[in-house]
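Here is a friendly briefing to read alongside the sequence and the 3D view. Take it topic by topic, with the viewer open.

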Amino acid sequence: MPLVVIGINHRTAPVEIREKMVFAGEELPEALRELAGQPGVREALIVSTCNRTELYCFADGATGGESTDPGPNGPAHVSDPSLPLSNWLAHWHDLATHRLDINQTLYRKHGTAAVQHLFAVACGLDSLVIGEPQILGQLKDAYRAALDQKVTGPYLNRVMQTAFSVAKRVRTQTRIGANAVSVAYAAVSLARTVFEKFSGHTALLVGAGETIALAARHLHANGLGRMIVANRSVGRAQELAAEFKGFAIGIDDIASHLPEADIVITSTASPTPVITYQAVQAAVKARKRKPIFMVDIAVPRDIEAEVSKIEDVYLFTIDDLQNVVNENLASRREAARDASEMLATEVSMFEQQLKTLSAVPTIRQLRDDAEAMRSQTAEQARRMLAAGRDPKEVVDFLASTLTNRLLHGPSQRLREAAERGEVELLEAARILFAADSPDQT
């Protein structure tokens with residue numbers, strides 16, 4: 001198994017190191033070409049996200065199944081083929097200037113362990129959030145970038161395509177990605193229990209930080225009809241609203257737009273509530289008792305607690321959502337165990353496929369040689385027939401000549417092997433040609 005993986009992720013390195021190891025989009029093509037040009041590297045691919053930076057290489061000397069990680073397993077061995085890659089990674093990012101030593105944060109995996117790691121990454125089993133689907137798209141982007149630079153080949157093409165296929169099967173055959181494990185997604189999932197469809201509804205999002213942005217993406221992906229974004233900085237609200245063709249307002253305008261909202265999700269850093277009991281009561285009245293679904297993700301709370309007492313208002317807090325997230329995480333961890341068992345089988349099957357691939361060039365050459373002999377001998381037989389030779393004589397010539405030509409090379413090499421005492425080669429030939437088996441009739 002010639003695959004080598006070296007990298008860092010959210011478990012082995014803090015953000016202070018991870019941010020120094022990112023390959024920016026504009027530098028990735030050059031980095032791929034330079035990596036592929038390193039001694040012993042035949043094929044290369046770079047994965048770079050906020051949570052991981054990894055090099056995947058088809059490299060000479062990486063035929064073992066050993067996995068070497070920092071920590072309990074100690075540093076890499078002297079013969080480790082990943083050492084030149086580690087040195088290249090440090091040099092590319094000029095880590096000496098930053099006085100960073102990444103040896104204790106890098107994981108190094110070879111052969112079978114490297115394939116297992118790749119499959120686990122593709123399935124989301126190695127992610128900060130178990131089962132998250134974004135990493136699969138990021139892997140596909142990384143593979144596409146490597147293809148564009150022509151630095152992949154038969155091995156990486158096959159292992160990456162297999163990883164994508166395995167990830168798809170794991171997602172369809174387990175519940176690894178079935179449940180919400182982010183607060184924002186949990187909020188949108190809860191909203192679906194109140195509204196069958198989002199297409200005819202309006203959402204008011206209060207705040208413009210990461211959580212609200214994520215909620216906006218989930219709502220948009222679920223076909224939300226209309227979006228209003230409220231924030232103290234109207235400029236930031238406009239940026240987020242523009243991404244989803246929404247409408248931006250200031251915090252002070254919330255009360256006047258609240259009657260339009262079927263869904264309200266809040267997440268600000270305000271020390272006091274930004275949505276009052278009176279404002280919600282007035283909104284419900286203006287809506288003629290149409291229900292409002294409200295989720296307050298903020299701490300301290302953005303929505304006055306008394307709002308929960310208003311009829312036709314469904315109010316959830318961060319604690320309610322966290323309970324949902326925790327339950328779903330437990331469900332994903334259970335699904336992850338099933339997925340891990342699937343991966344073990346998939347890795348074994350992949351190794352078997354690779355073993356058969358190693359015979360393909362030899363088989364192709366054998367067939368090409370045999371076809372050349374057949375063509376040459378058949379042409380001689382046709383000339384003999386055209387010259388008026390007895391067809392029985394021509395058939396005998398065709399059979400004996402073709403047999404002698406096909407067996408001459410292997411027979412000569414077997415005699416030479418016997419003279420040199422190459423017992424293993426003789427035994428392999430005996431097995432290959434079933435020399436000791438009874439005649440088949």
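Thr202 is found in strand E6. Keep in mind that this is a predicted model. With a relative accessible area of 9%, Thr202 is buried, because the cut-off for that label is under 20%.

- Apart from its neighbours within four places in sequence, Thr202 is in contact with Leu224, Arg226, Ile228, Glu260, Ala261, Asp262 and Ile263.
- Gln161 lies 41 residues from Thr202 in sequence, and the two C-alpha atoms are 41 Å apart in space.
- Strand E6 (202-206), where Thr202 sits, is also one of the elements that the buried residues of helix H8 pack against.

**Helix H8**

- H8 covers residues 210-221, twelve in number. From first C-alpha to last, H8 reaches 16 Å, close to the 16 Å expected at 1.5 Å a residue.
- Which residues of H8 are buried? They are Ile212, Ala213, Ala215, Ala216, His218 and Leu219.
- An α-helix has 3.6 residues a turn, so residues three or four places apart point the same way.
- Besides E6, the packing partners of the buried H8 residues are helix H7 (183-194), strand E7 (226-231), helix H9 (234-243) and strand E9 (263-266).
- Gly223 follows H8 and has a positive phi, near 85°.

- H4 (residues 111-122) has twelve residues and spans 17 Å from its first C-alpha to its last, close to the expected 16 Å.
- Ten of these twelve residues are buried, so H4 is largely enclosed by the rest of the structure.
- The buried residues of H4 are Gly111, Ala113, Ala114, Val115, His117, Leu118, Phe119, Ala120, Val121 and Ala122.
- Just after H4 comes Gly124, with a positive phi of about 85°.
- Thr105 lies in the loop between helix H3 (83-92) and strand E5 (107-110), and at 9% relative accessibility Thr105 counts as buried.
- How far apart in space are Thr105 and Ala13, C-alpha to C-alpha? The distance is 5.6 Å, although 92 residues separate them in sequence.

- Strand E2 (residues 41-48) is mostly covered, with six of its eight residues buried.
- E2 and strand E3 (residues 52-59) run antiparallel and are joined by seven bridges.
- Ile46 has Leu55 in E3 as its bridge partner.
- Three residues stand between E2 and E3, and the two strands form a hairpin.

- E10 (residues 292-296) and E11 run parallel, joined by five bridges. Phe293 stands opposite Tyr314 in E11.
- In a regular strand the side chains alternate between the two faces of the sheet.
- E11 (residues 313-317) has a covered face made of Val313, Leu315 and Thr317. Its uncovered face holds Tyr314 and Phe316.
- Pro300 is in the loop between E10 and E11. The peptide bond from Val299 to Pro300 is cis, with omega near 0°.
- Asp312 belongs to the loop between E10 and E11. Its phi is positive, near 75°, in a residue other than glycine. At 21% relative accessibility, Asp312 counts as partly exposed.
- Lys288 is placed in the loop between helix H11 (277-286) and E10. Lys288 is another residue other than glycine with a positive phi, near 60°.
- Is Lys288 buried or exposed? At 70% relative accessibility, Lys288 counts as exposed, because the cut-off for that label is over 50%.

**The second largest pocket**

- The second largest pocket has a volume of about 700 Å³.
- Helix H13 (360-386), helix H14 (391-420) and helix H15 (423-432) are the elements that give two or more residues to its lining.
- The lining of the second largest pocket counts 20 residues, and Leu366, Pro410, Arg413, Leu432 and Phe433 are the ones nearest its centre.
- What is the make-up of this lining by class? There are 14 nonpolar, three polar and three charged residues.

Definitions and conventions: Residues are numbered from 1 along each chain as its sequence is written. This is a predicted model: local features need pLDDT of at least 70, side-chain atom pairs count only at pLDDT 80 or more; totals for chains, interfaces and linings use all residues. Side-chain values use heavy atoms; hydrogens and water are left out. Helices (H or I, at least four residues) and strands (E, at least two) are DSSP runs, numbered from the N terminus. The expected span of a helix is 1.5 Å times one less than its number of residues. Buried means under 20% relative accessible area, exposed over 50%, partly exposed in between (1.4 Å probe, protein chains only). Contact means heavy atoms within 4.5 Å. Two strands pair if DSSP finds at least two bridges between them. On a 1 Å grid over the protein atoms alone, a cavity is a set of points where a 1.4 Å probe fits but cannot get out, and a pocket is an open set with protein on both sides within 12 Å along at least five of seven lines; lining residues have an atom within 4 Å of a point. Grid points are joined across faces, edges and corners, and a volume is the space filled by probe spheres set on the points. Ala, Val, Leu, Ile, Met, Phe, Trp, Tyr, Cys and Pro count as nonpolar, Asp, Glu, Lys and Arg as charged, and the others, Gly among them, as polar.
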